[in-house]
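Colleague: I have a model open and want to learn how to read it. Can we go through it together?

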Amino acid sequence: MTTRTVAAGETVSADAIVVETRNIAGAAGATLADPAAAVGRAAARTLVAGSLVAPPDLVAPRAIRRGDLIVLVARAGSLEVRASGRALSDAGVDERVSVENTTTRRVLQGVVAASGEVLVAL
């Protein structure tokens, strides 16, 4: 549960969440049992102090934002193709995102890498 209010988009810190034993028979959906799973993730909505935290309440911190210029990377074996693109939505590391190749105007789906590049399938 949260020890203080966490604003939407704010990164959850270790002091903002604590484990507390509760009867959650009436709670809808699953809740997090390990506070370490929440630390470093961003709140998808405002989490009021004392509220239970469920997996959908947290998202990966935004690595790219809609409109950002990014590098598209496609790999097949030892072949690697790079192109410039533009993010069509916000996304965090390891999340799927739609991107537009700025040269061909083709819209592709890819996964955000830790480097900020978007990995697309060939």
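This is a predicted model: local features need pLDDT of at least 70, side-chain atom pairs count only at pLDDT 80 or more; totals for chains, interfaces and linings use all residues.

Colleague: In what order do the five strands close into a barrel?

Modeller: Strands are DSSP runs of E, at least two residues, numbered from the N terminus. Two of them pair if DSSP finds at least two bridges between them. Here the barrel order is E4-E5-E7-E8-E9, with mixed pairing.

Colleague: How many bridges join E5 to E7?

Modeller: Three, and the strands run antiparallel. E5 covers residues 79-87 and E7 covers residues 96-101. Gly 85 has Asn 101 in E7 as its bridge partner.

Colleague: Now Arg 62. Where is Arg 62 found?

Modeller: In strand E3, residues 62-64.

Colleague: What is the relative accessible area of Arg 62?

Modeller: Buried means under 20% relative accessible area, exposed over 50%, partly exposed in between (1.4 Å probe, protein chains only). Arg 62 has 27%, so Arg 62 is partly exposed.

Colleague: Which residues is Arg 62 in contact with, leaving aside neighbours within four places in sequence?

Modeller: Contact means heavy atoms within 4.5 Å. The partners are Asp 90, Ala 91, Gly 92 and Glu 95.

Colleague: Which side chain does a polar contact of 2.8 Å join to that of Arg 62?

Modeller: A polar contact is a pair of N or O atoms within 3.5 Å; within protein, one must be able to donate a hydrogen and the other to accept it, and residues adjacent in sequence count only if both atoms are side-chain atoms. The partner is Glu 95. A polar side-chain atom of Arg 62 also lies 2.6 Å from the backbone oxygen of Ala 60.

Technical notes
Residues are numbered from 1 along each chain as its sequence is written. Side-chain values use heavy atoms; hydrogens and water are left out. Helices (H or I, at least four residues) and strands (E, at least two) are DSSP runs, numbered from the N terminus.
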